[in-house]
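Here is a short report on one protein model. Keep the sequence and the 3D view open while reading.

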Amino acid sequence: MTAFSLDPVQTAWCAELRALAEERLRPLAEKGEPGHVNRALVAELGRLGLLARLFTSGALDLCLMRESLARGCTEAETALALQGLGAHPVHAYGTRAQRERWLPRVADGSAVAAFALSEPGAGSDAAALALRADRDDARAPTSAPGPGEAAPAARGASPVASGAAPGVPGAVPAAPGTLPADPGSSPAASGVEPGVPGAVPAASGVAPAASGTVPVGPGPSGVGAQESPVAERDGWGSWRLSGEKCWISNAPEADFYTVFARTTPGAGARGVTAFLVPADRPGLTGTPLDMLSPHPIGALAFDAVPVTADDVLGEPDRGFRVAMHTLNLFRPSVGAFAVGMAEAALAATLTHTAGREAFGGRLKDLQTVAHQVAEMAMRTEAARLMVYAAAAAYDEGAPDVPRRAAMAKLLATETAQYVVDAAVQLHGARALRRGHLLEHLYREVRAPRIYEGASEVQRAVIAKELYASVEAP
């Protein structure tokens, strides 16, 4: 890959996003109730055109949005990212009907999405998930068809009724790029929190108006975008989901969930199916969880929740690739979120140490302080460049995306933890007061080292990819 740098248009766009975060989004965030979805904030993101951009931008633009918003308002950054994470599988793998129903509403902020992968016993080891998708025997084929085989026609299959939402007919489809990596090649990762499509990046600049067209046509080729014939999809019949999900962002207040369930027992990652489950399905309940950071996070209980072939995202028993495709995109952008927090902490530290008088001078005149600040700045810049490089690799369809994504997420989240902690130390007790920027960042910065693949998982991914290149014939 060539060396990376932002062009003047991208730099100006980032500055505009930071200003929007501080002037228009932060006041809405401050009015929200901790632990609950801030629908006014989500709607404003829609009005600004940022949610629609999730479906037309590539990984780099996603990273620039997340970094810029995080520097000015972490709640706005998280709200945007969660919309993308929950809706990306629909954009990339959904049928036309699924996309027409949900994507316009995600884009305008009237529907809240969620990504439901993690379980009480399956966090980092997501392939071990136990949420069962039991077939309704009267409707299901006697055995699952093999690759390339058509399933037998369903007997009296009919989708579960749910409230219809207006679609956007005739929308122009986006042209997302494909992910070259084998989705099953890297260890599973926790899906607690915040993706967007791996599209060719749109030209940076002012975000499109919220009324702009949202792509609802066929998704990217190579990632499950080809719709199966109706007879083949109906041949899979229907299932009942039973079990639990936990640590799910936006639960239990989301309007729909991308849910990963085991359709073939004992098949590991290859026996998982992704479903689009509206929140009003009978048997689906949830409870909020009181977490360290004030994000809406909850647990979901599935009591024989009905789903049909029309709810499948991609192909039955191939849902793990849906999860890994999403996470390979989101890992660099989680890093971008972390970089944004590190930049905010560094800026606050520069202002504080330049003006704070102590020991007969300014804090910045103390060599130990100056060297600490220099270390914070160096690590932040290194993490930022690695995040950009990983995002650019994704957009270019490079073969080493899993390794680059893991490196970017690992370095950036560990760096942000270091920088925010150092900033608190240099500010002293004032940084620990409730409501201080650093007190807020100190709580926010811890979770990214766990969700979407803990730091230990990222190291395992990196090592596996490195050794695979050595052992390849």
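## Basis of the model

This is a predicted model: local features need pLDDT of at least 70, side-chain atom pairs count only at pLDDT 80 or more, and totals for chains, interfaces and linings use all residues. Residues are numbered from 1 along each chain as its sequence is written, and side-chain values use heavy atoms, with hydrogens and water left out.

## Strand β4

Strand β4 spans residues 256-262. Helices (H or I, at least four residues) and strands (E, at least two) are DSSP runs, numbered from the N terminus. Seven of the seven residues in β4 are buried, where buried means under 20% relative accessible area, exposed over 50%, and partly exposed in between (1.4 Å probe, protein chains only).

In a regular strand, side chains alternate between the two faces of the sheet. In β4, Phe 256, Thr 258, Phe 260 and Arg 262 point one way. Tyr 257, Val 259 and Ala 261 point the other way.

Two strands pair if DSSP finds at least two bridges between them. Strand β1 (residues 113-116) runs parallel to β4, joined by four bridges. Phe 115 stands opposite Thr 258. Strand β5 (residues 272-278) pairs with β4 in the antiparallel sense, over seven bridges. Here Tyr 257 faces Val 277, and Phe 256 has Pro 278 as its bridge partner.

β5 is mostly covered too, with seven of its seven residues buried. Val 272, Ala 274, Leu 276 and Pro 278 point one way, and Thr 273, Phe 275 and Val 277 the other. Two bridges join β5 to strand β8 (residues 312-313) in an antiparallel arrangement. Phe 275 stands opposite Val 312 in that pairing.

## Asn 38 and helix α2

Which loop holds Asn 38? Asn 38 sits between α1 (8-31) and α2 (39-47). Asn 38 counts as buried because its relative accessible area is 16%. A polar atom of its side chain lies 3.0 Å from the backbone nitrogen of Leu 41. Leaving aside neighbours within four places in sequence, Asn 38 is in contact (heavy atoms within 4.5 Å) with Leu 28, Ala 29 and Gly 32.

The buried residues of α2 are Leu 41, Val 42, Ala 43, Glu 44, Leu 45 and Gly 46. They pack against α1, α3 (50-53), α5 (74-93) and α6 (96-108). Just after α2, Gly 49 takes a positive phi of about 85 degrees.

## Arg 18 in helix α1

Arg 18 belongs to helix α1. Arg 18 is partly exposed, with a relative accessible area of 28%. Arg 18 and Leu 69 are 51 residues apart in sequence, yet 5.7 Å apart in space, C-alpha to C-alpha. Arg 18 also touches Ser 68 and Arg 71, not counting residues up to four places away in sequence.

## The largest pocket

A pocket is an open set of points on a 1 Å grid over the protein atoms alone, where a 1.4 Å probe fits, with protein on both sides within 12 Å along at least five of seven lines; lining residues have an atom within 4 Å of a point. Grid points are joined across faces, edges and corners, and a volume is the space filled by probe spheres set on the points.

The largest pocket has a volume of about 650 Å³. Of its 33 lining residues, the closest to its centre are Ala 29, Glu 30, Thr 74, Glu 75 and His 440. The elements giving two or more residues to the lining are α1, α2, α4 (59-72), α5 and α11 (437-444).

The lining divides into 14 nonpolar, 12 polar and seven charged residues. Ala, Val, Leu, Ile, Met, Phe, Trp, Tyr, Cys and Pro count as nonpolar, Asp, Glu, Lys and Arg as charged, and the others, Gly among them, as polar.

Terms used. A polar contact is a pair of N or O atoms within 3.5 Å; within protein, one must be able to donate a hydrogen and the other to accept it, and residues adjacent in sequence count only if both atoms are side-chain atoms.
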